[in-house]
Amino acid sequence: MSFSAFDRQCMATALQLARKGLNTTHPNPRVGCVISQDDRIVGQGWHVRAGGAHAEVHALEEAGELAAGGTAYVTLEPCSYHGRTPPCTDALIDAGVARVVCAMEDPNPRVSGAGISRLTESGIDAELGLMQAEAEQLNAGFVKRMRYGRPLVRIKLAQSTDGHIALANGTSRWISGPDAREDVQHWRAGSAAVMTGIGTVLADDPLLNVRLDGHDRQPLRVIVESHWRTPVKARLFGVGGEVMIAGLESGSGRQALQDAGAECIVLPQSGGRVDLKALLQELAKREINEVQVEAGAVLCGELLESGLIDELLIYQAPVLLGGGALSPFASPRLDKMDDRVHLDWIGSQRIGQDMRLHLKPVWLEDTGLCLPES
């Protein structure tokens, strides 16, 4: 399918609009829309928050009568069912648009092609696939949840140039600089949940909340442990927002944690520890799209060994921590180069004095098996 330079310009604008909802649309996808008429943009909109009007409605309102006979560029296939709001396909049809260009098909089974069919049945020229990769990356967590029943898992690490996350004695404050730590706050704000392990809670007593001016939604804080050892006086209980502790049936102390305000869920065990796949499936049921993991080597290693990591966000500082320092993943030693986990680049950027590396493991579909090097 051939798209013009103006088509690409309009979709790029729609993607920019969609990004305005990075921190606010949960659990809905981030969507932008542009309306054009005679090669000029006449309406723009984006989905601001769940329960509010969708991007198409905002753009159509701005375009007014100029929408008739025009083209709508939408970063995601328009919805075709009554949810919290009426179907966007109906709004586009009623406005009289002649053409709709979608970046990607909606992975939600309730839509998934039905929106395109509804438009074409109404005589609208509907096209799909313009800047699809960019649109899928923008909503990678939503896509993951809809396709596989699990949220996207992103591990955040601060490490030295020689690949360590702490000194041999466990000291890790601060490897990265203030600019990098500020940047982490924005990634937390765009995540539906922040996850850590009991080891990090006991060692660092982290808050795991978002500390940005004007940000009013806190991610769910998830602590993975087996035996309900989280201190009831842990700092994360004192800053508002929901706390979930995932443990096993055995062990005491659960009631005290519930009294402190935590939701304690009992999960199956795998190798004597919480079954991480079961935990992620539970989070998906709660419409969690993206989980940011800020943990130590044990939990990160378990996620790696289970093939459950979707992205790595590494802040690499220009420092060396030397021999005996701690590695980011507690995983078995590799004796064969063929067993390496291969990574693909998503992007990189200098943040203050540090480099932010955004990568993804090259898993074989959703099996947890690593692809061999090509």
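Tutor: Let's start with a charge over a ring: NZ of Lys or CZ of Arg must be within 6 Å of the ring centre and within 35 degrees of the ring normal. This is a predicted model, in which local features need pLDDT of at least 70 and side-chain atom pairs count only at pLDDT 80 or more, while totals for chains, interfaces and linings use all residues. Residues are numbered from 1 along each chain as its sequence is written, and side-chain values use heavy atoms, with hydrogens and water left out.

Student: Which charged end sits over the ring of W174?

Tutor: That of R181, 4.3 Å from the ring's centre.

Student: How do I read empty space?

Tutor: Rolling a probe the size of a water molecule over the atoms shows where empty space is left. On a 1 Å grid over the protein atoms alone, a cavity is a set of points where a 1.4 Å probe fits but cannot get out; a pocket is an open set with protein on both sides within 12 Å along at least five of seven lines, and lining residues have an atom within 4 Å of a point. Grid points are joined across faces, edges and corners, and the space filled by probe spheres set on them is the volume.

Student: What volume does the largest pocket have, and which residues lie nearest its centre?

Tutor: Its volume is about 1,200 Å³. The lining has 44 residues, with T200, D204, E294, A295 and G296 nearest the centre.

Student: Which helix gives the most to that lining?

Tutor: Helices (H or I, at least four residues) and strands (E, at least two) are DSSP runs, numbered from the N terminus. Here α7 gives the most, with 6 residues.

Student: And how much space lies in the largest cavity?

Tutor: About 120 Å³. It is lined by 16 residues, among them H26, R30 and G190.

Student: Which residues of α10 are buried?

Tutor: Buried means under 20% relative accessible area, exposed over 50%, and partly exposed in between (1.4 Å probe, protein chains only). An α-helix has 3.6 residues a turn, so residues three or four places apart point the same way. In α10 (residues 276-285), the buried residues are L276, A278, L279, L280, L283 and A284. After α10 comes E287, with a positive phi near 65°.

Student: Why does G307 count as buried?

Tutor: Because its relative accessibility is 9%. G307 is in the loop between α11 and β14 (311-317), and its C-alpha atom is 9.9 Å from that of V341, 34 residues apart along the chain.
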